[in-house]
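Dear colleague,

I am passing on the structure we spoke about, with the sequence alongside. Please have a look at it, and then read on for what turned up.

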Amino acid sequence: MNSFGAGAPANTKGRDLEAALQRSGFYPRLVADVVNDALDGQESLAHLVHLETHFDRTEVHRHITVLVLTTDMLVITHVDDHQLDESGEQMVAQVSTESVPVAQINSVVLSYIYAQPQDYKPSDPARELTLAIAWSGGQRVEMGPASCGDPACDADHGYSGTIVQEDIALRISAEAEGLQAVADAKAFARALRAVNTGAGAPSHLEPGNTRFPAFGARLGRSHYRR
């Protein structure tokens, strides 16, 4: 397994959000309750569930990110687990939620990787997809030594870099998570763009199949930023 872990993104074509959380196998009851609380009874237009697993020597670290799109909000839930003892018998879960008004989202960026582009056919799926969403104006700077292109040149050319605007980025690999996971993430991005631009849910998504009921109405609680 690579560093991106095994995920279980859910598509926007009728799969149940609670079932997607069950398939992830990552404290599904806890995560479902937290997501339900964050939704405050709102109906979901689309959702994306992404589980990542990382290995650090003898320890295994997992965290899950759940994106739920409603008519007005993008609700983001993130849950990490940590072990308090070497045996792993004592665990704690750290939870954060954020509710972002759809109108506040500035950009939805999809980056794709295709294998063997010289042989590309319209039916060929992407092998990897990165979904980046920006809403707060936060920026990530990537810097590295600049060069002049001459492999024999050892002069100091300073640094060059890029500035990327993003508040959250999810990378989904077909190798680790399957081709359907990549397609599901793309479908979620389409639904998010449609709502963000005021177009509503994509026309090819039938209302009866795409509106997921919330787990149940709850009294509102405050959410905090990750």
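Over residues 1–14 the pLDDT stays under 50, and for this part of what is a predicted model there are 56 contacts beyond four places in sequence. The stretch of residues 201–226 is likewise below 50 in pLDDT, and beyond near neighbours in sequence it has 72 contacts in the model. For the chain, the average pLDDT is 76, with 69% of the residues scoring at least 70. Among its elements, strand β6 (residues 128–134) has the highest mean pLDDT, at 93, whereas helix α5 (residues 207–210) has the lowest, at 36.

Turning to helix α1, which spans residues 17–24, the buried residues are L17, A20, L21 and S24. Because these residues cover an arc of only 100 degrees around the axis, they lie on the same side of α1. Just after that helix comes G25, which takes a positive phi of about 75 degrees.

As for the aromatic residues, how many aromatic pairs does a search of the whole structure find? The search finds three. One of them is formed by Y112 and Y114, a tilted pair with 6.2 Å from centre to centre and 35 degrees between the planes. Ring pairs join Y112 and Y114 with Y120 in a cluster.

With best wishes

Definitions and conventions: Residues numbered from 1 in each chain as written. Predicted model: local features only at pLDDT ≥ 70, side-chain atom pairs only at ≥ 80, totals over all residues. Heavy atoms only, no water. pLDDT = per-residue confidence, 0-100. Helix = DSSP H or I, 4+ residues; strand = E, 2+ residues; numbered from the N terminus. Contact = heavy atoms within 4.5 Å. Buried < 20%, exposed > 50% of the residue type's maximum accessible area, 1.4 Å probe, protein only. Arc of directions from axis to C-beta. Phe/Tyr/Trp six-rings, centres within 6.5 Å; stacked < 30°, edge-to-face > 60°.
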